[in-house]
Amino acid sequence: MKSCISGYLLLLACLCMLPATVWSQTDQKLPVQYEELTAVQFVSAVKQSAATCIIPLGILEKHGPHLPLGTDLLSAREVAKAAAGKEYTIIFPPYFVGQIFEAKPQPGTIAYNPELVWNFLQGTCDELARNGIKKIILFNGHGGNNNFLQYFCQVQLACRKDYAVYLFNPGDDPEFDKKFESMRKTTLDGHAGEMETSTMLFTHPDLVHQEVAGSQSGADQNRLANLPDTYVGIWWYARFPNHYAGDGRAGDKKLGQLLFDHDVQQLVSMIKTVKLDTMVLKLQDQFFKESENPLQPK
Ligand SMILES: [Zn+2]
């Protein structure tokens with residue numbers, strides 16, 4: 001009996017010496033947001049996420065006269081949070097560093113220099129990988145980042161890495177498109193137009209000032225009609241100098257829910273496939289090995 005009690009006391013002493021977090025959090029539902037995880041939970045989160053992390057990319061830029069500067073950031077994070085709630089992954093903190101020179105004439109734009117934009121993203125990926133996250137998902141909420149992010153992915157092959165970057169790049173969904181087309185009211189719909197206003201009406205209705213959406217024009221001014229078949233950096237400013245494309249007055253909460261749910265569904269399925277994927281890292285390894293010795297017979 002005595003030895004039983006002393007054994008029990010020893011066990012109790014050992015348990016007390018463990019950090020409280022180790023045994024009080026094992027059955028807890030882990031937060032999906034990186035900044036909400038404790039260091040101890042982070043270790044479990046890396047395991048539970050199958051070493052994945054998603055970076056929802058937004059920007060700080062004007063969104064017509066009626067939507068907040070952080071629209072892309074806010075909506076991308078809402079989609080990511082909903083998706084990660086269904087298929088666990090870690091969500092990187094609010095990320096607003098990206099390509100946005102075209103909005104510099106507008107109040108509130110934060111347009112960092114290109115080296116900083118590049119290094120910030122590469123550095124973030126490197127640091128995530130150092131912390132055990134070997135599959136990084138880029139979920140882009142900002143159209144101005146599209147070319148940059150594809151190039152960023154290509155450049156990941158420039159030198160050996162022990163992690164992979166996956167860019168969310170959904171294909172067509174004709175069934176969804178049919179439903180969407182039956183609900184939309186406008187034909188010109190780009191930045192801060194019907195779609196984006198609808199999504200924000202669904203996710204952040206208090207931040208939408210739809211009553212002033214018509215106070216500026218989101219019409220295409222088509223000022224480079226003299227240059228067909230040509231790409232120039234000023235193209236966006238030439239067409240939409242108000243940094244507004246479309247008409248936010250047409251925004252509708254129901255359409256926003258349709259768009260939001262569809263994004264979440266596509267992102268959930270991407271997270272699942274990325275978690276299961278073993279091919280990209282394997283091919284990268286093979287690629288780097290062959291690149292170091294290109295004359296070696298394959
Ligand atoms: Zn936007």
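The entries below go from the whole chain to single contacts.

**Entry 1, ground rules.** I note that this is a predicted model, in which local features need pLDDT of at least 70 and side-chain atom pairs count only at pLDDT 80 or more, while totals for chains, interfaces and linings use all residues. Residues are numbered from 1 along each chain as its sequence is written.

I looked up the pLDDT (the predictor's confidence in each residue, from 0 to 100), and found a mean of 92 for the protein chain, with 91% of its residues at 70 or more. Over residues 1-26 the pLDDT is below 50, and this stretch has eight contacts in the model beyond near neighbours in sequence; two residues are in contact if their C-beta atoms, placed from the backbone, lie within 7 Å.

I listed 11 helices and four strands, which are DSSP runs numbered from the N terminus (helices H or I, at least four residues; strands E, at least two). The C-alpha atoms fill a box of roughly 90 × 60 × 40 Å along the principal axes. Of the contacts with a separation of 6 or more, 77% join residues 24 or more positions apart.

How do helix α4 (residues 71-86) and helix α10 (residues 253-276) pack? I read an angle of about 50° with the axes 9 Å apart, where axes are lines fitted to C-alpha atoms, for helices over the stretch in contact, and angles run from 0 to 180 degrees between N-to-C directions. The two helices are therefore oblique to each other (under 35 degrees is roughly parallel, over 145 roughly antiparallel, 65 to 115 roughly perpendicular, and the rest oblique). On the α4 side the contact includes Val 79 and Lys 86, and on the α10 side Phe 260 and Asp 263 are among the residues. By class I noted nine nonpolar, no polar and two charged residues (Ala, Val, Leu, Ile, Met, Phe, Trp, Tyr, Cys and Pro are nonpolar, Asp, Glu, Lys and Arg charged, and the others, Gly among them, polar).

I then turned to helix α8 (residues 194-203), whose axis comes within 10 Å of that of α4, with a crossing of roughly 60°. That makes α4 oblique to α8 as well. The contact is made by Thr 71, Leu 74, Ser 75 and Glu 78 of α4 with Glu 196, Thr 199, Met 200 and Thr 203 of α8, and these divide into two nonpolar, four polar and two charged residues.
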